[in-house]
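Have a look at the picture, then read on.

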Amino acid sequence: MSISPLTTGGESAQWAVTVAEFRPSTEPWIARQTVTTRTVDGVTLISEITLA
């Protein structure tokens, strides 16, 4: 898995996330996503996940 910042500003941020699953005798499964987080009252939560 890798996570890289895309944008930050105010109470929200976007992250480029790549998740890879490796199983014996199969091709790797790789998902690329954009994750948006929001911070409210000092708590950061995921507000949206989309395909990249």
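What follows is a short walk from the overall fold to a few single residues.

Keep in mind that this is a predicted model. The makeup is quick to describe: the protein has zero helices and four strands. Starting at the N terminus, the elements run β-β-β-β.

E1 runs antiparallel to strand E2 (residues 12–21), and seven bridges join the two. Across this pairing, threonine 8 stands opposite alanine 13 in E2. E1 and E2 also form a hairpin with two residues between them. Look for glycine 10 in that turn, where phi is positive at about 65°.

Now go over to the E4 end. Strand E3 (residues 29–40) pairs with E4 in the antiparallel sense, over eight bridges. One facing couple to pick out is valine 35 and isoleucine 49, the latter in E4.

What about the overall shape? The C-alpha trace spans about 45 × 20 × 15 Å along its principal axes. A compact globule of 52 residues would have a radius of gyration near 10 Å, but this protein has 14 Å. Buried residues make up 13% of the 52 residues. Among contacts with a separation of 6 or more, 10% are between residues 24 or more positions apart. The accessible surface comes to about 4,200 Å², and carbon and sulfur atoms own 56% of that.

Time to zoom in on single residues. Here are three of them with their relative accessibility:

| Residue | Relative accessibility | Class |
|---|---|---|
| Threonine 34 | 14% | buried |
| Glutamate 21 | 32% | partly exposed |
| Arginine 23 | 56% | exposed |

Is threonine 34 buried or exposed? Threonine 34 counts as buried because its relative accessibility is 14%, and the cut-off for buried is under 20%. This residue lies in strand E3. Not counting residues up to four places away in sequence, threonine 34 touches Leu6, Gln14, Trp15, Glu48, Ile49, Thr50 and Ala52. Ile49 in that list is the isoleucine that stands opposite valine 35.

How many salt bridges does a search of the whole structure find? The search turns up one. Arginine 23 forms a salt bridge with glutamate 21, and their closest N and O atoms are 2.4 Å apart. In general, side chains of opposite charge can pair when their charged atoms come close.

Leaving aside neighbours within four places in sequence, glutamate 21 is in contact with Pro28 and Trp29. Compare that with serine 4: glutamate 21 and serine 4 are 17 residues apart in sequence and 18 Å apart in space, C-alpha to C-alpha.

Terms used:
Residues are numbered from 1 along each chain as its sequence is written. This is a predicted model: local features need pLDDT of at least 70, side-chain atom pairs count only at pLDDT 80 or more; totals for chains, interfaces and linings use all residues. Side-chain values use heavy atoms; hydrogens and water are left out. Two strands pair if DSSP finds at least two bridges between them. The radius of gyration is taken over C-alpha atoms; the globule rule is 2.2 Å times the number of residues to the power 0.38. Buried means under 20% relative accessible area, exposed over 50%, partly exposed in between (1.4 Å probe, protein chains only). Contact means heavy atoms within 4.5 Å. Accessible areas come from the Shrake-Rupley method with a 1.4 Å probe; for residues, only the protein chains shown count as cover. A salt bridge is a side-chain nitrogen of Lys or Arg within 4 Å of a carboxyl oxygen of Asp or Glu.
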